[in-house]
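This report goes through one protein chain step by step. Please look at the sequence and the structure below before reading on.

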Amino acid sequence: MRNEPVHGKELLVPVRTDVEASASAVSRHRLLWRAIQRRKNPPLRRSDITVTEEKTVRKAVKAAALGNAMEWFDFGIYSYLAVTIGKVFFPSGNDTAQVLSSLATFAVAFLVRPVGGMFFGPLGDRIGRKKVLSFTMIMMASSTLAIGLIPAYTTIGFWSPALLILFRMLQGFSTGGEYGGASTFIAEYAPDKRRGYYGSFLEFGTLIGYTAAAGLVTILTVTLADSSMDSWGWRIPFLAAAPIGLVGLYLRLKLDDTPAFQKLEDEGSTSAADRESLPFWQVFRTQWRAMVLCMALVAAYNITDYMLLSYMPTYLSDTLHYSSTSALVPIIIVMLVLMAAITFVGRFSDHIGRKPVLMAGSVGFLVLAVPCFLLIKQGGIVPVFAGLLLLGLCLLPYVSVMSASLPALFPTNVRYGSLSIAFNISVSLFGGTTPLVTEGLISFTGNDLMPAFYTMLAAVVGIIAAAVMKETARKPLEGSPPAVATKEEAIALVESQRS
């Protein structure tokens, strides 16, 4: 309404707003308006919808998950053998200095992970997910095998830690292209309504890798004398990487590339001219909001993940003075519990969404971190296991839905690159440094609860990130057509547009 003077008086005259005018135009020209909308958003055709049969999806999940299992088998071996590796590769003297040197070498691999992500990620968007994932598998297995062949410090002196750092960096470089590619691979194969369920198998592979590493190290520790473990026993888990890598490579080479990537190729969106690897700054310029959100989610996830699965054995043995076996056995049991529950939580997220699941894990860490570590400090089988189990149950929402949540943040044509770069920058800053930072904080402050406070900080970041992110459950990936499990679902989806 507006005031207009009429013979010296003001009258209220109705004025139509833009919204009202637009609504009026639509009502007068309804058929024309529908035609314009249909041109802008054409209805789906049956050929637009990707149908991925369950048998094919399972093969893709198996190939990706095995590679992820090997990745974390390699990293798990190193973290569980941190004390032994400190003795083998660094000069004798202060035990704490040896452990810190070993953990620093563990962190070195994470410094080059962003470089690997910047190299392999855009390459995966250019030449395909399958080729890059096959190459990273070869590099990862080779570098892990090489670590198992390095002579000890007492044999070749400072060349020993130098070679260890070199091969750890190669591990980190290859791993830079692994998680982003594997999660993209599964997400692009999985039907939209079951992406949480199938994505959870990637982290199931992570837990298998950790559990296999912890189990093998525990068996060797129990069956071998300390002298045998220090001289040659520690090499066995590293040498086992070669056959595992060959199996994973075989499975990956048997698969076709993802339907989403093949569709881009068919449409010409990834022609030779268009598929040049984008430099980091260009990827970040176009995807910076999604990448910042991804880094926040990954920071919360990886700090808590590495705190429980990588650092806790060192914390129990070096800080609380538990034996190596006593430190590993309860963690193995916790990981088995997580493995039994992870796919159920992933399936559950397909129904209620990723956001509430991630929020539950973050709030759990914020509230329970200090009580859990107080339980662990009490000592005894029951309190230690109870504390570790509660931490594991807080971690469960993260490991169950993260591999389905992160790929959905990015469009298909830059998904591998954007995810790999953001993921590995965050992991290198916050995940891989968690054991070193936590051990350093304890040494500096003398406070055994520093791991709990660091976990709470990560939980706050997780709460903010989960609140900000958009819900992606049961929706098509950005830049990709809908994906369904059967032809009947595809037909029903097309028919639903006509109603």
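Is Arg-474 buried, partly exposed or exposed? With a relative accessibility of 39%, Arg-474 counts as partly exposed. Buried means under 20% relative accessible area, exposed over 50%, and partly exposed in between, using a 1.4 Å probe and protein chains only.

## About the model

This is a predicted model, in which local features need pLDDT of at least 70 and side-chain atom pairs count only at pLDDT 80 or more, while totals for chains, interfaces and linings use all residues. Residues are numbered from 1 along each chain as its sequence is written, and side-chain values use heavy atoms, with hydrogens and water left out.

## The chain as a whole

The chain has 23 helices and four strands. Both are DSSP runs numbered from the N terminus: helices are H or I with at least four residues, strands are E with at least two. Of the 499 residues in the chain, 54% are buried.

A contact means heavy atoms within 4.5 Å. Among contacts between residues at least 6 apart in sequence, 84% join residues at least 24 apart.

## A loop residue

Arg-474 lies in the loop between α22 (450-468) and β4 (483-484). Its phi is positive, about 65°, although Arg-474 is not a glycine. Most residues other than glycine have a negative phi.

## Nonpolar cores

A nonpolar core is a set of buried Ala, Val, Leu, Ile, Met, Phe, Trp, Tyr and Cys residues joined through side-chain atoms within 4.5 Å. The largest one here has 117 residues, and Tyr-80 and Leu-406 have the most contacts inside it. Helix α16 (residues 280-319) gives the most to this core, with 19 residues. Apart from this core lies another, of six residues, including Met-137, Met-140, Ala-141 and Ala-241.

What does Leu-406 touch, not counting residues up to four places away in sequence? Its partners are Tyr-179, Cys-294, Leu-297, Val-298, Leu-419 and Phe-423.

Helix α4 (residues 82-89) is mostly covered, with six of its eight residues buried. The buried residues are Ala-82, Thr-84, Ile-85, Gly-86, Val-88 and Phe-89.

Ser-101 sits in helix α5 (residues 95-111). Ser-101 counts as partly exposed because its relative accessibility is 26%. From Ser-101 to Phe-89 is 12 residues in sequence and 9.2 Å in space, C-alpha to C-alpha.

## Helices α6 and α20

Helix α6 (residues 113-127) and helix α20 (residues 415-431) pack at about 170°, with their axes 7 Å apart. Axes are lines fitted to C-alpha atoms, for helices over the stretch in contact, and angles run from 0 to 180 degrees between N-to-C directions. The two helices α6 and α20 are therefore roughly antiparallel. Angles under 35 degrees count as roughly parallel, over 145 as roughly antiparallel, 65 to 115 as roughly perpendicular and the rest as oblique.

The residues of this contact divide into nine nonpolar, seven polar and three charged. Here Ala, Val, Leu, Ile, Met, Phe, Trp, Tyr, Cys and Pro count as nonpolar, Asp, Glu, Lys and Arg as charged, and the others, Gly among them, as polar. Pro-122 and Gly-417 are 295 residues apart along the chain, yet their C-alpha atoms are separated by 4.2 Å.

## Helices α7 and α10

Helix α7 (residues 129-147) and helix α10 (residues 178-189) pack at about 140°, with their axes 10 Å apart. This makes α7 and α10 oblique to each other. On the α7 side the contact includes Leu-133 and Met-140, and on the α10 side it includes Ala-182 and Phe-185. By class, the contact has four nonpolar, three polar and four charged residues.

## Helices α11 and α17

Helix α11 (residues 195-223) and α17 pack at about 170°, with their axes 9 Å apart. The pair α11 and α17 is therefore roughly antiparallel. Its contact residues divide into 17 nonpolar, 11 polar and four charged.

Ile-333 is placed in helix α17 (residues 324-352). At 37% relative accessibility, Ile-333 counts as partly exposed. Ile-333 and Phe-385 lie 52 residues apart in sequence and 8.7 Å apart in space, C-alpha to C-alpha.
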